[in-house]
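Hello,

Here is the structure I said I would pass on. Please look it over first; my notes follow below.

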Amino acid sequence: MAHHGHTHSHGDDHDHEMEMENEEELEAAHFSNVVATFRGYRAYSLSANGRRLKDFYGLSAEDQALLTELGYRRKIDVVDEKIEQNADFLRRVVGSPEIFSNTELGEGDREDEDEGNEGGDGDDGENGGGGEVPAADMSQHSSAQGPHQHGHPSEHQPAHGHAHGHSHTHSHDHPYDRIRRRRAPYQPSEFDIDKLRSTLKQLVRDWSAEGKAERDACYQPILEALVDHFREIPEDQRGNIRVLVPGAGLARLAYDVVLRGFACQGNEFSHYMLLSSFYILNRTERINQHTIYPYIHSFSNLPSTDALLKGIQIPDILPSTLPPGSNFSLVAGDFEEIYGSEEGVEGREPQAGLWNAVLTCFFIDTAKNVVNYLRIIHRVLAPGGIWINLGPLLWHYENSSEGDPSIELSLDEVKELARKIGFEIREERRIDTTYTGNVEGMLAYVYRTAFWTAIKI
Ligand SMILES: C[S@@+](CC[C@H](N)C(=O)[O-])C[C@H]1O[C@@H](n2cnc3c(N)ncnc32)[C@H](O)[C@@H]1O
């Protein structure tokens, strides 16, 4: 989809403008719903846990007494306490959503309506006020999809809606304002809350000590291949090497690329991801500042109460400790729209040949049409540039309930397609890894991911 400004106001252009405004309103509504989901987590989750209490009180007095002796009754109460603490954290994440909407919000948008236990994990309150790191080129908006859920097959739900990358150059009020004025508070659905619960688990993957094993399995081989490919370039000149990470998630891989001295841009279209990574990257003052409880939402397959209630501290490093002069940006919007446009998105240079490396981790299977993804990766790379991939083929749009098209290739077919598009596949291997798994859980999904490096010829 092309990208348009708002410079005309008559004839066909007028119709077009109205259509674009409608799309912008849809995007703004989606963003507003995501913010409402962060704020609605508390009530939704307490109610879900309340079901357990109700079921408990439905039992005979004798059974209740037995379960109370086991600590089951108390456990339900403790989960309520942890929900409150998660809710405090999530409210802080969306404490300043105007950073994304380029607009001033009314008071009603800043605070949750329900009562919370502010600062429960020792944080200093909303927006901790840490130093800015140069990782917030939030110049694009999207009607973002939630995180692609590799965590569990039952969570594998097709995303819906369409993503856009318009820049907002017009002077009238922002669609977010209009949405806010018009609508009753959004009630998050199970689907929305599930994305939020996945976001908590992704925070473990990207920004906790507990996530290190998964990062070592997924990000380390990619980083090693990147460093190896550019081994001839002196370390102090790596800043001239431009690395793109599409589907950056919570941005740890992109961040680690910058830590190694490269210039790196992450791209992501999920507001759940963008809001959370912005908060961690730009609003963190100290290591282990926050404690979250990602495993309290399901009591299944847990060996102990401790495994259920386990608190995870984030972040494991201070993101603002990037060396001076680091070149790190995150661009919000749809990968195909931003990097696939031949003429360049408004206000941006065309992307063809601009990148020395493209890193895809658990990303290529988010395509509706993987041919287009591979073509874009090929086109944006400079001649001799490297594409490094690691991930499964859990085709995101397979059997989409929204009727989205989906092309689902086997691994052999993807590799053959890559060769036909103009890549020479160099290193290839399989890497076993979990994705946002609970290390203590009694159920673990292991992806036998495909890793490869490929050179643009
Ligand atoms: C499975 S997650 C992987 C995230 C991260 N790379 C990791 O390994 O943890 C895939 C990510 O790609 C994002 N994504 C999917 N399609 C996208 C698109 N067309 N443009 C930008 N981001 C996209 C999703 O929102 C999600 O965060």
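Does Thr-284 count as buried or exposed? The model is predicted, so please read what follows as computed from that model. Thr-284 counts as buried, because its relative accessibility is 2% and the cut-off for buried is under 20%. Thr-284 sits in the loop that runs between helix H9 (271-282) and strand E3 (290-292). A polar atom of the Thr-284 side chain is 2.5 Å from the backbone oxygen of Ile-280.

- Gly-247 places a backbone N or O atom 2.9 Å from a ligand nitrogen.
- Phe-269 has a polar backbone atom 3.4 Å from a ligand nitrogen.
- Tyr-373 has a polar side-chain atom 3.3 Å from a ligand nitrogen.

On its own, the ligand exposes 590 Å². The protein buries 97% of that area.

One more spot to check is Pro-392. This residue lies in the loop between strand E7 (381-391) and helix H13 (411-421). Pro-392 has 10% relative accessibility, so it too counts as buried. Which distance separates Pro-392 from Phe-363 in space? Their C-alpha atoms are 8.6 Å apart, while the two residues are 29 apart in sequence.

Best wishes

Note on methods:
Residues numbered from 1 in each chain as written. Predicted model: local features only at pLDDT ≥ 70, side-chain atom pairs only at ≥ 80, totals over all residues. Heavy atoms only, no water. Helix = DSSP H or I, 4+ residues; strand = E, 2+ residues; numbered from the N terminus. Buried < 20%, exposed > 50% of the residue type's maximum accessible area, 1.4 Å probe, protein only. Polar contact = N/O pair within 3.5 Å; in protein donor to acceptor, adjacent residues only side chain to side chain. Areas by Shrake-Rupley, 256 points an atom, 1.4 Å probe, with all protein chains shown as cover.
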